[in-house]
Amino acid sequence: MTRTDWTREEIADLFDLPFDELMFQAQTVHRTHHAAGEIQLCTLLSIKTGGCPEDCGYCSQSVHADTGLEATKLMDVRSVLQTAAEARDSGSQRFCMGAAWRNPKDRDMPAIVEIVKGVRAMGLETCMTLGMLTPKQAGMLAEAGLDYYNHNIDTSPERYDQVITTRTFQERLDTLGHVRDAGINVCSGGIVGMGETRADRVGFVHALATLPRHPESVPVNALVPVKGTVLGNMLADTPMAKIDDIEFVRTVAVARITMPMSMVRLSAGRESMSEATQALCFMAGANSIFTGDKLLTTGNRGDSADGAMFERLGLRPMTAEEPMRVSEVACG
């Protein structure tokens with residue numbers, strides 16, 4: 001049975017291991033539960049950009065940020081499906097869609113439901129991140145066939161209110177509960193490199209690894225500092241607050257060990273990572289990435305760069321499978 005009773009002390013001890021021992025343990029756990037050398041390719045599309053009322057200190061889409069980003073309306077269904085088809089034809093297995101909302105309005109749900117059904121009909125796994133959900137909205141998404149819902153906890157419970165003040169950590173957990181109760185797989189991770197301490201990274205992993213069921217996907221993002229956001233401006237003034245590469249890899253490895261069945265996604269920040277750092281992350285158990293040259297609003301490496309890296313490292317894209325449902329996941 002998969003452990004959900006990790007203590008902070010145990011997780012801190014993992015972080016403190018000699019690097020080679022930590023990597024050995026992470027790779028051993030990874031190979032026990034996942035195929036070696038296989039990476040899931042995911043595509044991320046912003047279906048509604050900017051104008052979000054939340055004050056997340058890292059986010060260029062917040063109305064509190066001075067980034068010059070122009071807010072848009074929800075994309076029409078046909079345009080979303082066209083982009084999804086292009087992603088499928090480029091080799092993606094999962095199509096992830098994000099809307100810059102605090103929470104979707106009921107009037108938005110019919111279009112969202114139609115999008116989910118259309119993307120699933122293409123044979124792609126579907127994932128959405130729309131902000132907080134009510135139980136009714138989660139139920140509508142489940143009925144439409146949504147495979148995954150992303151709602152990141154972002155950081156440790158203790159540091160949370162230093163990053164975001166317009167919603168609480170418990171509200172994050174409440175939405176995850178609504179998603180889980182509806183029978184949708186959970187995608188939840190966070191961002192490192194926001195000036196946090198290692199104790200915060202321990203708390204971040206602990207919060208996820210002690211959920212009643214581990215998230216089926218755990219994205220680990222490296223902060224992309226955007227000028228005009230609170231954290232982007234802070235790191236411009238205090239660049240030493242940026243996480244170093246080895247500590248980032250340690251975070252990936254600890255996530256892999258404590259959440260062995262989860263897909264650990266190397267998410268935002270890859271554009272500025274060396275291939276050596278990314279290779280270490282794959283060795284540490286990361287087995288999912290976002291493809292393409294753009295994430296929601298920030299840059300990404302691009303398919304050609306990733307293809308060349310995969311060839312050099314001997315990695316292969318994961319083949320498309322029937323989406324995994326919550327009932328199929330071992331938990332404890």
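# A guided tour of the model

Begin by selecting helices H2 and H10: H2 passes H10 in a left-handed crossing. The structure on the screen is a predicted model. H2 covers residues 19-33 and H10 covers residues 245-258. Two packed helices are described by the angle between their axes and the distance between the axes. Here the angle is about 40°, and the axes are 9 Å apart.

**The contact between H2 and H10**

Show the side chains on both helices. Which residues of H2 meet H10? They are Phe19, Leu22, Met23, Gln25, Ala26, Val29 and His30. On the side of H10, the partners are Ile246, Val249, Arg250, Ala253, Val254, Arg256 and Ile257. The residues of this contact divide into ten nonpolar, two polar and two charged. An α-helix has 3.6 residues a turn, so residues three or four places apart point the same way. With this rule in mind, compare Leu22, Ala26 and Val29 in the list for H2.

Select Ile257, which is found in helix H10. Is Ile257 buried or exposed? Its relative accessibility is 9%, below the 20% limit, so Ile257 counts as buried. Leaving aside neighbours within four places in sequence, Ile257 is in contact with Trp6, Leu14, Leu22, Gln25, Ala26 and Val29. For a sense of scale, draw a line from Ile257 to Ala144: the two are 113 residues apart in sequence and 33 Å apart in space, C-alpha to C-alpha.

Trp6 is found in the segment before helix H1, which spans 8-16. Trp6 is buried, with a relative accessible area of 13%. Leaving aside neighbours within four places in sequence, Trp6 is in contact with Ile11, Leu14, His206, Ala209, Thr210, Ile257 and Thr258. From Trp6 to Thr43 there are 37 residues in sequence and 32 Å in space, C-alpha to C-alpha.

**Two aromatic pairs**

How many aromatic pairs does a search of the whole structure find? The search finds two. The rings of Tyr160 and Phe169 have their centres 5.6 Å apart and their planes at 80°, so this pair is edge-to-face. Tyr160 counts as buried at 2% relative accessibility, and Phe169 counts as buried at 12%.

Then select Phe282 and Phe310, an aromatic pair that is also edge-to-face, with 6.5 Å centre to centre and 85° between the planes. This pair links distant parts of the chain: Phe282 lies in helix H11 (residues 275-283) and Phe310 in helix H12 (residues 303-313), 28 residues apart. Both Phe282 and Phe310 are buried.

Remain with H11 for a moment. The buried residues of H11 are Thr277, Gln278, Ala279, Cys281 and Phe282. H11 is followed by Gly285, whose phi is positive, near 115°.

**Charges over rings**

Select Arg94 together with Tyr148. The charged end of Arg94 sits over the ring of Tyr148, 3.6 Å from its centre. Then select Arg265 and Phe290, where the charged end of Arg265 sits over the ring of Phe290, 5.0 Å from its centre.

**Asp154**

Where does Asp154 lie? Asp154 lies in the loop between strand E4 (148-150) and helix H6 (160-163). Most residues other than glycine have a negative phi. Phi of Asp154, however, is near 75°, a positive value in a residue other than glycine. Asp154 is buried, with a relative accessible area of 2%.

**Two last stops**

Select Glu38, which is found in strand E1 (residues 38-48). Not counting residues up to four places away in sequence, Glu38 touches Asn287, Arg316 and Met318. Glu38 and Gly51 are 13 residues apart in sequence and 37 Å apart in space, C-alpha to C-alpha.

Finally, select Met234, which lies in helix H9 (residues 230-237). At 29% relative accessibility, Met234 counts as partly exposed.

Notes:
Residues numbered from 1 in each chain as written. Predicted model: local features only at pLDDT ≥ 70, side-chain atom pairs only at ≥ 80, totals over all residues. Heavy atoms only, no water. Axes fitted to C-alpha atoms, helices over the stretch in contact; angles between N-to-C directions. Helix = DSSP H or I, 4+ residues; strand = E, 2+ residues; numbered from the N terminus. Left-handed = near helix turned anticlockwise from the far one by under 90°. Contact = heavy atoms within 4.5 Å. Nonpolar A, V, L, I, M, F, W, Y, C, P; charged D, E, K, R; others polar. Phe/Tyr/Trp six-rings, centres within 6.5 Å; stacked < 30°, edge-to-face > 60°. Buried < 20%, exposed > 50% of the residue type's maximum accessible area, 1.4 Å probe, protein only. Lys NZ or Arg CZ within 6 Å of the ring centre and 35° of its normal.
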